[in-house]
Amino acid sequence: CPCALGLATPMSIMVGVGKGAKNGVLIKNAEALEKLNDVEVLVVDKTGTLTEGKPAVEKVVGIGSTQEKEVLPYLVSVNQHSEHPLAKATVDYGKSEGIQSLPTENFEAVTGKGVKARVSDKQVILGNSALMESENIPLEETTQKKAAEFQETGKTVSYLALDGKVIGLVVIGDKIKKSSAKAVKTLQQSGINVIMMTGDNERTAKAVAEELNLADFKAGMLPEHKLMEVERMQKEGKIVAMAGDGINDA
């Protein structure tokens with residue numbers, strides 16, 4: 001009966017949208033749901049998408065003669081105004097060590113790179129190597145080697161610089177979700193090319209990609225770089241979907 005078919009289609013869509021909402025997936029409209037069936041490429045972020053999104057500080061390493069206890073007050077202080085999950089992890093770690101924050105002003109978050117602020121009248125910059133480079137802060141070879149040791153095991157490493165000199169490394173771990181490997185494999189078996197794009201460094205990205213059997217990944221990607229890459233693939237005629245966090249990638 002044509003009438004039954006006319007009723008079945010919108011009802012099916014309503015049920016699908018409702019089921020998605022119950023599982024934390026919000027579908028804007030029926031067209032989006034229909035297009036999802038034709039997706040050829042799925043771009044995914046790393047932190048909070050493939051990983052649990054519950055980063056925790058595993059280690060703070062002083063550089064040269066600097067001790068961990070000297071790094072922590074600046075680490076906690078520069079991150080206390082940030083909303084990023086990595087920042088929260090460092091503040092929680094500092095509090096667990098009994099660290100009190102210092103007077104802080106002129107806080108600035110640099111998207112995809114890190115943060116900076118004046119702490120006790122000293123310039124503190126915390127972030128990745130790209131931020132250090134843009135701020136003309138040199139990274140000694142020994143410091144880079146030390147960071148690489150952690151990055152090759154899938155850890156995220158941030159550099160903390162005080163008045164233009166790196167004094168410490170912050171090592172943060174974020175476990176891969178138990179469901180990620182199965183989800184990636186299922187998508188790949190369905191003919192969907194899964195590409196991980198992350199702002200993290202090449203070594204960390206490679207370690208995660210290898211664990212999840214992801215042949216295609218891109219590291220050091222700022223949000224605008226991810227957008228450019230998605231648009232490039234779309235211009236090639238590919239139907240692309242993206243799953244990312246709501247902090248940088250929204």
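Predicted model: local features only at pLDDT ≥ 70, side-chain atom pairs only at ≥ 80, totals over all residues.
Strands β3 and β4 run antiparallel and are joined by 5 bridges. The protein chain as a whole contains 9 helices and 10 strands.

**The β3–β4 hairpin**

- Within the pairing of these two strands, T104 has V119 in β4 as its bridge partner.
- The hairpin of β3 and β4 has 3 residues between the strands, and G112 adopts a positive phi near 75° there.
- N106, a residue of strand β3, has a positive phi of about 55° although it is not a glycine.
- Most residues other than glycine have a negative phi.
- N106 counts as exposed because its relative accessibility is 59%, above the 50% limit for that class.

- Strands β4 and β5 run antiparallel and are joined by 6 bridges.
- G114 stands opposite G127 of β5.
- The hairpin formed by β4 and β5 has 2 residues between its strands, and S120 in the turn shows a positive phi of about 50°.
- S120 is located in the loop between β4 and β5, and with 33% relative accessibility it counts as partly exposed.
- When neighbours within four places in sequence are left aside, S120 is in contact with L102 and P103.
- S120 and G244 are separated by 124 residues in sequence, and their C-alpha atoms are 36 Å apart in space.

**The sheet and its packing helix**

- Strands β5 (residues 122–127) and β6 (residues 156–162) pair in the antiparallel sense over 4 bridges.
- In this pairing, G127 stands opposite Y159 of β6.
- Strands of a sheet pair through backbone hydrogen bonds, either parallel or antiparallel.

- N136 is situated in the loop between α5 (129–134) and α6 (141–151).
- N136 is not a glycine, yet it has a positive phi of about 60°.
- With a relative accessibility of 70%, N136 counts as exposed.

**The protein chain overall**

- The C-alpha trace of the protein chain spans about 80 × 35 × 30 Å along its principal axes.
- Of its 250 residues, 39% count as buried.
- Among contacts between residues at least 6 apart in sequence, 62% join residues at least 24 apart.
- The protein chain exposes about 14500 Å², of which carbon and sulfur atoms supply 51%.

How values were computed: Residues numbered from 1 in each chain as written. Heavy atoms only, no water. Buried < 20%, exposed > 50% of the residue type's maximum accessible area, 1.4 Å probe, protein only. Contact = heavy atoms within 4.5 Å. Areas by Shrake-Rupley, 256 points an atom, 1.4 Å probe, with all protein chains shown as cover. Pairing = 2+ DSSP bridges.
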